[in-house]
Amino acid sequence: MKSNDMNARIKDEIVNLHKVLCETYEEKFPELKQLIENPLSYAAVVKRIGNKTDMTDVDFGDHLPQATKMVVTVTASAAAGTTLSDSMFRKAMSLCDEIENLDQDYGKILRFVESRMHALAPNTR
């Protein structure tokens, strides 16, 4: 029960950090928060874009479906955002790292709970 409570608090914290990240990165790419609503995908894309002005060479990897990659690239080229200051850029990257680390912690706790469930209640598989 404590593990489940901890995971719920982690998810809440990810949502809160995502809101702050959106506010921070809005100056750079205001439309991005409407294009990517998932906090983990948003953080991954922000890390990939960084403070670049030319989005055509940004590799989004497997974080987004192909259609979304295209929409993000086209929207970014027409966006009215500006380059972030060094301090705002560092803050955005730090928030991205924090979101990713919390998601990793969430996964570790979830795997722990799953391993205990198998040991304590093998018929629930």
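Counting disulfides, meaning pairs of cysteine sulfur atoms within 2.5 Å, gives zero. C22 is in no disulfide, and the nearest cysteine sulfur to it, in C96, is 9.8 Å away. That distance is too far for a bond. Buried here means under 20% relative accessible area, exposed over 50%, and partly exposed in between, with a 1.4 Å probe and protein chains only. C22 is buried at 8%, and C96 is buried at 0%.

A word on the source: this is a predicted model, where local features need pLDDT of at least 70, side-chain atom pairs count only at pLDDT 80 or more, and totals for chains, interfaces and linings use all residues. Residues are numbered from 1 along each chain as its sequence is written, and side-chain values use heavy atoms, with hydrogens and water left out.

Next, helix 5. Helices are DSSP runs of H or I, at least four residues, numbered from the N terminus. Helix 5 covers residues 86-120, and its end C-alpha atoms are 51 Å apart. The expected span, 1.5 Å times one less than the number of residues, is also 51 Å, so the two agree. Its buried residues include M93, C96 and I99. They pack against helix 1 (2-25) and helix 3 (39-49).

What about the core? A nonpolar core is a set of buried Ala, Val, Leu, Ile, Met, Phe, Trp, Tyr and Cys residues joined through side-chain atoms within 4.5 Å. The largest has 29 residues, and V46 is among those touching the most other members. Helix 5 gives this core its largest share, eight residues. Beyond its neighbours within four places in sequence, V46 contacts (heavy atoms within 4.5 Å) L21, Y25, L32, M93 and C96.

How values were computed. Helix = DSSP H or I, 4+ residues; strand = E, 2+ residues; numbered from the N terminus.
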